[in-house]
Amino acid sequence: MSARGDRLAGLAFAAAGAALALHARSMPVPDLMGDVGPGFMPMVIGVAMAALGALLAATARPGGGPEPIEPARVPVAIAFAALALAYAAGFAAFGFSWPTFLSLLAGMTLLGRRSWRLFALQATGAACFVLVLGQGLKRGLGIPLVGVWFG
């Protein structure tokens with residue numbers, strides 16, 4: 001993308017983030033006794049979008065033109081899109097842990113080198129991450145997640 005296109009995209013992203021953050025402020029908080037309310041996460045995402053969009057718009061530099069996508073990366077990009085759809089369907093059907101574990105493992109397998117030893121290491125790491133994240137979200141933050149391992 002050109003520098004002008006990057007600036008325009010950054011400004012559009014910043015405007016969308018600011019609009020999301022403003023909309024999140026209008027969401028009512030039902031209980032003021034420590035509950036952050038339903039507008040907290042949209043506010044965080046909106047502020048992050050606005051900041052990243054402003055950063056993109058401010059740092060856009062004229063370059064040599066758009067970089068072409070390498071033909072070998074196209075199947076990986078398609079596989080990641082399919083993986084995201086499968087994760088959403090799996091989350092609805094099985095809850096948090098199994099779809100998250102399998103998606104992490106598939107993503108690491110797509111991006112990294114492939115060997116049985118590395119696969120076992122990635123599976124162990126993904127399982128530990130999903131276990132800690134699931135317990136932290138469910139027990140630590142009180143988010144009512146379904147399908148959390150050991151919980």
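Phe96 is buried, at a relative accessible area of 5%. Here buried means under 20% relative accessible area, exposed means over 50%, and partly exposed lies in between (1.4 Å probe, protein chains only). This is a predicted model: local features need pLDDT of at least 70, side-chain atom pairs count only at pLDDT 80 or more, and totals for chains, interfaces and linings use all residues. Residues are numbered from 1 along each chain as its sequence is written, and side-chain values use heavy atoms, with hydrogens and water left out.

**Aromatic rings**

- The structure holds 6 aromatic pairs. Rings of Phe, Tyr and Trp (its six-membered ring) pair if their centres lie within 6.5 Å; planes under 30 degrees apart count as stacked, over 60 as edge-to-face and the rest as tilted.
- One of the pairs joins Tyr87 and Phe91, with a tilted geometry of 5.9 Å centre to centre and 50° between the planes.
- Tyr87 and Phe91 sit 4 residues apart in helix H3 (residues 74-94), so about one helical turn separates them. An α-helix has 3.6 residues a turn, so residues three or four places apart point the same way.
- Tyr87 is partly exposed at 27% relative accessible area. Phe91 is partly exposed too, with 32% relative accessibility.
- Phe91 also pairs with Phe96, edge-to-face, at 6.4 Å centre to centre and 90° between the planes.
- Together, Tyr87, Phe91 and Phe96 make up one aromatic cluster.

**Fold and domains**

- The protein chain has 5 helices and 0 strands. Both are DSSP runs numbered from the N terminus: helices are H or I with at least four residues, strands are E with at least two.
- Read from the N terminus, the order of elements is α-α-α-α-α.
- Domain 1 covers 3-58 and domain 2 covers 72-140. These bounds come from an automatic or database domain assignment.
- The C-alpha centres of the two domains, domain 1 and domain 2, are 27 Å apart.

**Overall dimensions and surface**

- The radius of gyration of the protein chain is 20 Å, whereas a compact globule of 151 residues would have one near 15 Å. The radius is taken over C-alpha atoms, and the globule rule is 2.2 Å times the number of residues to the power 0.38.
- Along the principal axes, the C-alpha atoms fill a box of roughly 50 × 50 × 20 Å.
- Of the 151 residues in the protein chain, 25% are buried.
- The accessible surface is about 10600 Å², and carbon and sulfur atoms account for 74% of it. Areas come from the Shrake-Rupley method with a 1.4 Å probe; for residues, only the protein chains shown count as cover.
- Take contacts between residues at least 6 apart in sequence: 57% of them join residues at least 24 apart. Contact means heavy atoms within 4.5 Å.

**Helix H5**

- Helix H5 (residues 116-140) has 25 residues, which should span 36 Å at 1.5 Å a residue; its end C-alpha atoms are 34 Å apart, which agrees. The expected span is 1.5 Å times one less than the number of residues.
- Buried residues in H5 are Leu118, Gln122, Ala123, Ala126, Val130, Gly134 and Gln135. Their cover includes helix H4 (97-111).

**Arg7**

- Arg7 lies in helix H1 (residues 3-25). Arg7 is partly exposed, with 36% relative accessible area.
- Arg7 and Thr59 are 52 residues apart along the chain, with their C-alpha atoms separated by 8.2 Å.
- Setting aside neighbours within four places in sequence, Arg7 is in contact with Ala57 and Ala60.
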